[in-house]
Amino acid sequence: MTSQEIRQKFLDYFKSKEHLIVPSAPIVLKDDPTLMFSNSGMTQFKDFFLGYKTPTAPRIADTQKCLRVSGKHNDLDDVGRDTYHHTMFEMLGNWSFGDYFKKEAIAFAWELLTEVYGIPKENLYVTIFEGDASENLDRDQDAYDFWKSHISEDRIINGNKKDNFWEMGESGPCGPCSEIHIDLRTPEEKAAVPGISLVNQDHPQVVEVWNLVFMEFNRKADKSLEKLPAQHVDTGMGFERLCMALQGKSSNYDTDVFTPLISKVEELSGKKYTGILEDEKDIAIRVVVDHIRAVSFAIADGQLPSNGGAGYVIRRILRRGISYSYRFLDMKEPFLYKLVAVLQEQMGPFFPEIEKQGKLVAEVIKSEEDSFLKTIENGLIRVEKLIQQTIANNQKVLPSEDVFELYDTYGFPDDLTRIIAEEKGLTISEAGFKTQMDKQKLRSKADSAQKVYDWVILEERDENFVGYDQIESETYITRYRKVE
Ligand code: ATP
Ligand code: MG
Ligand code: MG
Ligand code: MG
């Protein structure tokens, strides 16, 4: 089955169950102060759950372009390094707005996966919410009981709040959820290790495909939960993961969602993709074919790369792609923009926006590539020198003055310096960088002209770092911590 057919089968199935099929909302959100990008299918229906708007139909289904690079859901650091997290991905979803609830949602999902798509039942596991005393939330016994009629009890797993209580962001509609996981390992691997022990353990062949959320609460700004006016169903299935399962592949990148892009990168770079997890060249190819989708769709939906807010996040993703391909694919000239035509051909039939805007998208990407490649050329040589000096001096941390100089004088992203340093077993000091930044601010205080920074300002840093978020000023981005 091609990915196009897989998508269509999903929509046809839910149409046959009286769902209204709607188009994906734009990937970039313009009118939501709490969220920059659609990070799940339910984003566009938030107001239906909250009771602010009347649903256009009691049952809806679609595929939604999602981006998980900021805020509560940020997968950026995994992208390229694993085979099943993307920045941009499609989330297939079906919704009930005060209509059916757990029983039907579970029955639909099971029938679609096992009967329509023909996934062997013995490859599936499900999880249910175990409850959480601190929030006064009970175990989801109803979901357990409904699953029991489809799947043997030893395949139903209790899951904690992190995995089985879905929240869109720091506030907003949320609820207990039940996930479906698929085991794509070989029979020998399955015999050696029970699949059930690998669920939600970041195993690349035992992956979560579908999440059924039973939307019952609203997380308020003060973090407390309030009951929603009615009970709803909100489901999200990773389209690229489903394609991996149905096309008998062991990586999303081996499905026809990505292979045309990978072939083009191979052709342009002269490098061969071998699908190895730790291989730098393969990581770079995965990063490139992933990021080009995110950036192209964001631009097609109206978000140009810029120095602030959502535009800055997009610029940063693009630059990440450029630096990976520069370093590991030896691509020293703009080339990412040439991938847009492949995307147009492949995704255009279903997403007309990429078809229509393709030319503009390619032009914007090319001009970004031109300017960032110049910055990179100069910066990389300096970083390498700095690393060699640091190693020669038997030090583990790059001198903060030099890291800051690279950033401030040469426009080289400190984040990139950090990544490169880490690859050599070194680090940069975030505190040291901040001190330099503070000094710099004092120095330039007299300077009344406002400085526009080209990269991030590190406000804080620790292991829980998950990404960037915007604060007051257009040009300031700050790090933030994950709230579990
Ligand atoms: P994971 O645990 O694998 O990170 P998740 O629990 O964060 O996934 P949900 O928020 O439940 O994901 O989203 C619903 C579905 O969307 C998931 O079951 C998965 O199939 C898919 N999905 C989530 N994140 C990504 C991603 N970064 N790339 C591709 N698919 C994703
Ligand atoms: Mg996740
Ligand atoms: Mg999960
Ligand atoms: Mg999930």
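1. The protein chain is divided into domain 1 (3-250) and domain 2 (258-481), with bounds that come from an automatic or database domain assignment. This is a predicted model, in which local features need pLDDT of at least 70 and side-chain atom pairs count only at pLDDT 80 or more, while totals for chains, interfaces and linings use all residues. Residues are numbered from 1 along each chain as its sequence is written, and chains are lettered from A and ligands numbered from 1 in the order in which they are written.

2. The C-alpha centres of domain 1 and domain 2 lie 30 Å apart. Between them, 20 residues of domain 1 are in contact with 21 residues of domain 2, where contact requires C-beta atoms, placed from the backbone, within 7 Å. On the side of domain 1 that touches domain 2, the elements that give two or more residues are α1 (3-16), β2 (59-67) and β3 (69-70); helices (H or I, at least four residues) and strands (E, at least two) are DSSP runs, numbered from the N terminus. The residues of that side divide into 10 nonpolar, seven polar and three charged, with Ala, Val, Leu, Ile, Met, Phe, Trp, Tyr, Cys and Pro counted as nonpolar, Asp, Glu, Lys and Arg as charged, and the others, Gly among them, as polar.

3. Met36 is found in the loop between β1 (20-21) and α2 (46-50), and is buried because 26 other C-beta atoms lie within 10 Å (buried means 20 or more such atoms, exposed 12 or fewer, and partly exposed in between, with C-beta atoms placed from the backbone). Leaving aside residues up to four places away in sequence, Met36 touches Leu29, Ser70, Gly71, Gly309, Ala310 and Val313. Val313 is 277 residues from Met36 along the chain, yet their C-alpha atoms are separated by 9.4 Å.

4. Around ligand 1 there are 16 residues, the closest being Asp75, Phe89, Asn211, Gly236 and Gly238; a residue is counted if its C-beta atom, placed from the backbone, lies within 6 Å. Two or more residues of this shell come from each of β5 (88-97), β10 (206-219), β11 (225-238) and α7 (239-246), and β10 gives the most, with four. By class, the shell has five nonpolar, six polar and five charged residues.

5. In helix α4 (residues 141-148), the buried residues are Ala143, Phe146 and Trp147. Seen down the axis of α4, these fall within an arc of 100°, so they line one face of the helix, the arc being that of the directions from the helix axis to the C-beta atoms. Gln141 and Lys148, on the other side of α4, are exposed. The buried residues of α4 pack against α3 (102-116), β6 (124-129), β7 (156-159) and β9 (172-183).

Key: Contact = placed C-beta atoms within 7 Å.
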